[in-house]
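Subject: The structure I promised you

Hi,

Here is the structure we talked about, ready for you to open and turn around. Have a look at it first, and then read on for what turned up in it.

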Amino acid sequence: MAKLLVSEEKPEPIDWEYYRKGIGPRVVDMYKEAYDSIQVPKFVDTVTPQFKPKFDALLVELKEAEQQSLKETERLDKEIAEVQELKKKISTMTADEYFQKHPELKKKFDDEIRNDYWGY
């Protein structure tokens, strides 16, 4: 990331002679001397090494979450397909057909009837 922020390009050189002719040599020499004395410090990235391990760990966590999300999406798509199929068939479906797909409900209802529990 630091490489994106730091430009290695050198600025275009200034044509000092052009300005000497138009402005005068004393003023231009004064500006040239000031310009040449400027030293821009080189950027040293101390932040990226500090956060790179954390970022890499988050990437691993992200990949795991993505895989879990894809599995969950697949499961939900199947469930949606089942519900849509049930919605189409529900008006003509018998209780036995429904209980074949949901044996846990049949067991629950049979236990309630067997124990004489009628919900009140």
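Below I go from the whole chain down to single pairs of side chains.

One thing to keep in mind from the start: this is a predicted model.

**The chain as a whole**

Let's begin with the secondary structure.

Lys 71 and Trp 16 are 55 residues apart in sequence, and their C-alpha atoms are 67 Å apart in space. Lys 71 belongs to helix α4, and it counts as exposed because its relative accessibility is 62%, where exposed means over 50%.

Now for the surface. Of the 120 residues in the protein chain, 5% are buried. The chain exposes about 11,900 Å², and carbon and sulfur atoms supply 59% of that area.

**A region from the record**

UniProt, in an unreviewed entry, places the feature "coiled-coil region" at residues 59-96. In this model, that span is 87% helix and 0% strand, and the C-alpha atoms at its ends lie 49 Å apart.

**Salt bridges**

Side chains of opposite charge can pair when their charged atoms come close. How many salt bridges are there? The count comes to twelve. Here are a few of them to look up.

- Lys 32 and Asp 36 meet in a salt bridge, 3.0 Å from N to O. Both sit in helix α3 (residues 25-37), four residues apart, which is about one turn of the helix. Lys 32 is partly exposed at 25% relative accessibility, and Asp 36 is partly exposed too, at 48%.
- Glu 72 forms a salt bridge with Arg 75, with the closest N and O atoms 2.5 Å apart. These two lie in helix α4 (residues 48-89), three residues apart, again about one turn of the helix. Glu 72 is partly exposed, with a relative accessible area of 35%, and Arg 75 is partly exposed at 41%.
- Arg 75 also has a salt bridge with Glu 79, at 2.9 Å from N to O. Because Arg 75 and Glu 79 are four residues apart in helix α4, about one helical turn separates them. Glu 79 counts as partly exposed at 39% relative accessibility.

Salt bridges can share partners as well: Glu 17, Arg 20 and Asp 29 are joined into one network that way.

**Aromatic rings**

A pair of aromatic rings is described by the distance of the centres and the angle of the planes. The count here comes to four aromatic pairs. One of them is Tyr 18 with Tyr 19, which is edge-to-face: the centres are 5.2 Å apart and the planes are at 80 degrees. Are these two tyrosines exposed or partly exposed? Tyr 18 is exposed, with a relative accessible area of 58%, while Tyr 19 is partly exposed at 39%. Elsewhere, ring pairs link Tyr 98, Phe 99 and Phe 109 into a cluster.

Tyr 19 is found in helix α2.

If you colour the patch and then the salt-bridge partners in your viewer, you can follow along with everything above. Happy to go through it together whenever you like.

Cheers

Methods. Residues are numbered from 1 along each chain as its sequence is written. This is a predicted model: local features need pLDDT of at least 70, side-chain atom pairs count only at pLDDT 80 or more; totals for chains, interfaces and linings use all residues. Side-chain values use heavy atoms; hydrogens and water are left out. A salt bridge is a side-chain nitrogen of Lys or Arg within 4 Å of a carboxyl oxygen of Asp or Glu. Buried means under 20% relative accessible area, exposed over 50%, partly exposed in between (1.4 Å probe, protein chains only). Rings of Phe, Tyr and Trp (its six-membered ring) pair if their centres lie within 6.5 Å; planes under 30 degrees apart count as stacked, over 60 as edge-to-face and the rest as tilted. UniProt positions are given in the numbering used here, feature names are shortened, and annotations may be inferred rather than shown by experiment. Accessible areas come from the Shrake-Rupley method with a 1.4 Å probe; for residues, only the protein chains shown count as cover.
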